[in-house]
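Please read the following report alongside the sequence and the model.

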Amino acid sequence: MTTRHSGKERLKILILSTYEGMDANAVRDYLLSFRLHSRHDYYYVLDCRRLDGRLDLRPFDVIVLFWDVFLLGPELSDAVREQMAHAPAVKVVFLQDEYRDVRRVNQAMAELGVRLAFTCVAEADHRVFYPPEAIPTLEGLYTVLPGYVPRYLEEARLDVHGPRAIDIGYRSRAMPFYLGDLGQDKTVIAERFQSLARAQRLADDISVLERDRLYGRQWVKFLRDCRCVLGTSSGASVVDFTGEIRRACERHLALRPDASYPDVKARFFADADWKVVIDTVSPRVFEAAALGCTLVQHEGLYGGILRPDEHYICVRRDYSNAADVIDRVQDRGFCREMAKRTHRDLIASGRYSFQAFARWFDGVLDKHVPGRGGEGSVSAIRFYGEGYLRQRQAIVPCGAGFVVTPSAQLVHHL
């Protein structure tokens, strides 16, 4: 059900994204949260790569670049960048994967005239990543999570007593070496727990292979089948301010594809690892908590959301407490109580719901965008109709979701 708030002026807000319909649930849920829970009116261009600079930006009070649009990537043409830079709307960016090319991203934000930025970086490091002198237009910088709890997870039935076929489950992907130790943790935890689970005859389903990735209903079913779910911090322990670390690693691995992580680290970023860290919590933590799984996580900060031994079974990064961890995993009563406590604090409390996030986001806009500044009104029918015919925008919002329309070329032929 759509939540609307009255009593204050409703802004016209344009969101630019590269959503393709088959992305992870976290992308869809984040995008939908604005139109479902905010009091403002949102208009989506879900494939901004097709824009050519002819979209009329004058009616919009705010333009949001969603985090799937890399500011240095080809997603925005030069014409669109120029058009945005001169648009009177307040420019807003949501940022993720902030460990790469930090200074060039600063420059792109300044060129676009970004006034508000929402980052996964801890507040204590805001100035390190986004110095005011590098982005003179930036007037507001706020730390957010990579994802929150959607309504369907809040309403999911909690069952910690039913049978589950998998004792320890995990899905992730191998990360590039240049993200440092924290990036490699995703592979380390998979390899270590495959050995631990089999030594203790625990049923495991653990993989970091791309072919084993799960999405949508398959992912939900997988979590419902797991008693315990592995996890690590979301982020990186190497922050590449200039991009040189990434380029050096890629050149080296192109010539020596079998080079080991310790070798690459020693050559290119040993001094940088753990110097500046991005350590936040993955949306998958909320998904697992909502579906009654017990979290088994590497020790980490997790954006201040998770507390060790209260919300998750803490695995030391050197695995010195592996025996204790396995004992707790095998203690089903202990796991059930932890799962219930984690669900209470992360899900049932509503503290991390998308509804709470959208309400907070509205408050931030009230502070920085006190009233309408766009010229004229926007007809949703005309906006999406023209987007469909001119920019081949095939995905449009509908009700509590998105629908995929037939291609404009197909309709023309018919």
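## Helix α12 and its surroundings

The buried residues of α12 pack against α5 (151-154), β9 (226-231), α10, β12 (294-298), β13 (312-315) and α11 (322-330), where contact means heavy atoms within 4.5 Å, and buried means under 20% relative accessible area with a 1.4 Å probe and protein chains only. Helices (H or I, at least four residues) and strands (E, at least two) are DSSP runs, numbered from the N terminus. This is a predicted model, in which local features need pLDDT of at least 70 and side-chain atom pairs count only at pLDDT 80 or more, while totals for chains, interfaces and linings use all residues. Residues are numbered from 1 along each chain as its sequence is written, and side-chain values use heavy atoms, with hydrogens and water left out.

In α12, which spans residues 332-348, the buried positions are C335, M338, A339, T342, H343, D345, L346 and I347. At the start of this helix a side-chain oxygen of D331 comes to within 3.3 Å of the backbone nitrogen of G333, and just after α12 G350 adopts a positive phi of about 75°.

## Nonpolar cores

A nonpolar core is a set of buried Ala, Val, Leu, Ile, Met, Phe, Trp, Tyr and Cys residues joined through side-chain atoms within 4.5 Å. The largest one holds 111 residues, and L14, L16, Y30, F34, F94 and M109 have the most contacts inside it. Helix α1 (residues 25-37) contributes the largest share of this core, six residues. A second, separate core has 21 residues, among them A197, L202, C228 and A322.

Not counting residues up to four places away in sequence, Y30 touches F66, W67, F94, V144, L145, P146, G147, Y148, F354 and F357.

## A buried serine in a loop

S237 lies in the loop between β10 (234-236) and α8 (244-255), and it is buried, with a relative accessible area of 0%. Its side chain reaches the backbone nitrogen of D181 at 3.0 Å. Leaving aside neighbours within four places in sequence, the contacts of S237 include L179, G180, L182, A272, W274 and V277.

A cavity is a set of points, on a 1 Å grid over the protein atoms alone, where a 1.4 Å probe fits but cannot get out, and its lining residues have an atom within 4 Å of a point.

The lining of the largest cavity includes A26, D29, Y148, E287 and F354, and α10 (283-290) gives the most to it, with three residues.

How values were computed:
Buried means under 20% relative accessible area, exposed over 50%, partly exposed in between (1.4 Å probe, protein chains only). A polar contact is a pair of N or O atoms within 3.5 Å; within protein, one must be able to donate a hydrogen and the other to accept it, and residues adjacent in sequence count only if both atoms are side-chain atoms. On a 1 Å grid over the protein atoms alone, a cavity is a set of points where a 1.4 Å probe fits but cannot get out, and a pocket is an open set with protein on both sides within 12 Å along at least five of seven lines; lining residues have an atom within 4 Å of a point.
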